[in-house]
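Let us walk through this structure step by step. Please keep the sequence and the 3D view side by side.

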Amino acid sequence: AIYVWLLMPRFLKKWSLIAAGGLGVICIAVFSAKIYSVFYDLFLASQVAHSFSEPLPSNIARANLIKNAWHFFTDSYGFGVGAGNVSYYLAHFSIFDTDQVVEVHNWLLEVMTNFGFAVMLGYISVYA
């Protein structure tokens, strides 16, 4: 699809981008209640409703990994915690329960948490 878009004439590229943006806005408007519900359940609702004798549900554990990594990133003022230190921080300074999982399970978030925002943008630009 990207290759076909690159081969389009300039005026069609403009209209295809406008159409894609409009379609995105319509999809967000149609599914906004579902998007908010999932976001609320994973990130805003209380996470202590599970029994600690059972393993943490995987979607809650992954959301908690993301919340912990985001906390470490913001706590370091966007500069990251240092190469390879996110696992140490998850093991020793976690705020949210992760069931002793110390890997973020999100490639870009791990790069951002380890190395900071500027390095993550450079990393993405290399792939772009």
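Start at Ser76, which sits in the loop between α4 (58-75) and α5 (86-92). Helices here are DSSP runs of H or I with at least four residues, strands are runs of E with at least two, and both are numbered from the N terminus. This is a predicted model, in which local features need pLDDT of at least 70, side-chain atom pairs count only at pLDDT 80 or more, and totals for chains, interfaces and linings use all residues. Residues are numbered from 1 along each chain as its sequence is written, and side-chain values use heavy atoms, with hydrogens and water left out.

Is Ser76 buried or exposed? Ser76 has a relative accessible area of 17%, so it counts as buried. The cut-offs are these: buried means under 20% relative accessible area, exposed means over 50%, and partly exposed lies in between (1.4 Å probe, protein chains only).

Ser87 belongs to helix α5. Its relative accessible area is 18%, and therefore Ser87 is buried. Which side chain does the side chain of Ser87 contact? The partner is the side chain of Glu103, in a polar contact at 3.0 Å. A polar contact is a pair of N or O atoms within 3.5 Å; within protein, one must be able to donate a hydrogen and the other to accept it, and residues adjacent in sequence count only if both atoms are side-chain atoms.

Return to the loop between α4 and α5, where Tyr77 lies. Tyr77 is not a glycine, yet its phi is positive, at about 60°. With a relative accessibility of 73%, Tyr77 counts as exposed. Asn85 is found in the loop between α4 and α5 too. Asn85 is partly exposed, at 31% relative accessibility. Follow Asn85 across to Phe115. The two are 30 residues apart in sequence, and their C-alpha atoms are 9.5 Å apart in space.

The next stop is the loop between α5 and α6 (107-115), which holds His105. His105 has a positive phi, near 65°, and is a residue other than glycine. The relative accessible area of His105 is 47%, which means partly exposed. Val104 lies in the loop between α5 and α6 as well. How accessible is Val104? Its relative accessible area is 2%, so Val104 is buried. Along the chain, Val104 and Phe72 are 32 residues apart, and 12 Å separate their C-alpha atoms. Val101 is in the loop between α5 and α6 too. Val101 is partly exposed, with a relative accessible area of 28%.

Step back to the whole chain. Its domain assignment gives domain 1 (9-44) and domain 2 (58-127). Such bounds come from an automatic or database domain assignment. Taken over C-alpha atoms, the centres of the two domains are 27 Å apart.

An unreviewed entry places the feature "transmembrane region" at residues 15-36 and 107-126. In the model, residues 15-36 are 95% helix and 0% strand, with end C-alpha atoms 30 Å apart. Residues 107-126 are also 95% helix and 0% strand. There the end C-alpha atoms lie 15 Å apart.

Finish on the surface. Ile26, Ile28, Val30, Phe31 and Ile35 form a nonpolar patch, with about 520 Å² of accessible area together. Patches are made of residues with over 30% relative accessible area and no salt bridge; like charges are joined within 9 Å, and nonpolar side chains (Val, Leu, Ile, Met, Phe, Trp, Tyr) within 5 Å. A salt bridge is a side-chain nitrogen of Lys or Arg within 4 Å of a carboxyl oxygen of Asp or Glu. Accessible areas come from the Shrake-Rupley method with a 1.4 Å probe, and for residues only the protein chains shown count as cover. Which helix gives the most to the nonpolar patch? Helix α2 (residues 10-30) does, with three residues. Phe31 is in the loop between α2 and α3 (32-44).

Terms used:
UniProt positions renumbered as here; feature names shortened; annotations may be inferred.
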